[in-house]
Amino acid sequence: SFSYTVTTSGNDCAVATSTGIIAVNPDHTLSLSSGNDNQRICLGNAITDITYTFGEGATGANVEGLPDGIIATSSGTILIISGAPSVSGSFNYTVITEGNNCKGSTAPGVITIDPVHTISLSSGSADQTICINTSIQEIIYDIGGGATGASVSGLPGGVTGIYNSSTGEFTISGKPSVADIFEYTITTTGNDCGAATVTGTITILPDHTLSLSSGSNNQTICI
């Protein structure tokens, strides 16, 4: 604040004076002091702490637009954004100072949470026992979350796995051409948030066989 005095000038009589005070309040200040205000993480992981420093005319700060699971805590002149989000999506947040009536300060940021891969059996049985050269019951899995495709390994000859991007379904079907026990694994593909896998077993039984091993199956003898 500034104290001032006004003093008159003129004849030799007593001067007159008047005093006053001018208080100049500062604008708010706000700055990112550590961390990254534009983060991308996988659902279930914690963000790297984002720290802001506020001052001058600002006596506090709050945040709007944070996802569930992320919180902002303030102590002294420091505000920290931290936590592990419980929802996926892209969230634009804004840090807003509070304090005197002078110009406030804001700081934007973005937290993007990518979903993890999901895979679940929606139709058919993952474990089947059938006869050779007989079609299996279709096995259908729903692919979702951060997964945009899937691949399969371990299927018997004649059985294939195909992903349909329009329905998000992965279907195993076909007619096995060899008898044995086959353990297969489906693995999702997509974003970097970890593949999901499921396993199953297809047991193919051989057909019966019968063959003449000795003698003749067409004989003529005397009584």
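**Strand pairing and a nonpolar surface patch**

In strand β10, Thr-112 is the bridge partner of Arg-40. The structure is a predicted model, in which local features need pLDDT of at least 70 and side-chain atom pairs count only at pLDDT 80 or more, while totals for chains, interfaces and linings use all residues. Residues are numbered from 1 along each chain as its sequence is written, and side-chain values use heavy atoms, with hydrogens and water left out. Strands are DSSP runs (E, at least two residues) numbered from the N terminus, and two strands pair if DSSP finds at least two bridges between them.

β4 and β10 (residues 106–114) run parallel and are joined by five bridges. Both belong to an open sheet of four strands with mixed pairing, in the order β4-β10-β9-β6. β4 (38–42) and β6 (58–64) are the edge strands, each pairing on one side only.

β17 (residues 180–190) runs antiparallel to β14 (residues 147–153), with six bridges between the two; Thr-189 of β17 lies opposite Gly-149. β17 is also joined to β18 (residues 197–205) by eight bridges, again antiparallel, and Phe-182 stands opposite Ile-202 of β18. Six residues separate β17 and β18 in a hairpin, and Gly-194 in the turn has a positive phi of about 90°.

Strand β1 (residues 2–7) gives the most to the nonpolar patch, with three residues. Val-6 is found in β1 and is partly exposed, with a relative accessible area of 47% (partly exposed lies between buried, under 20%, and exposed, over 50%, with a 1.4 Å probe and protein chains only).
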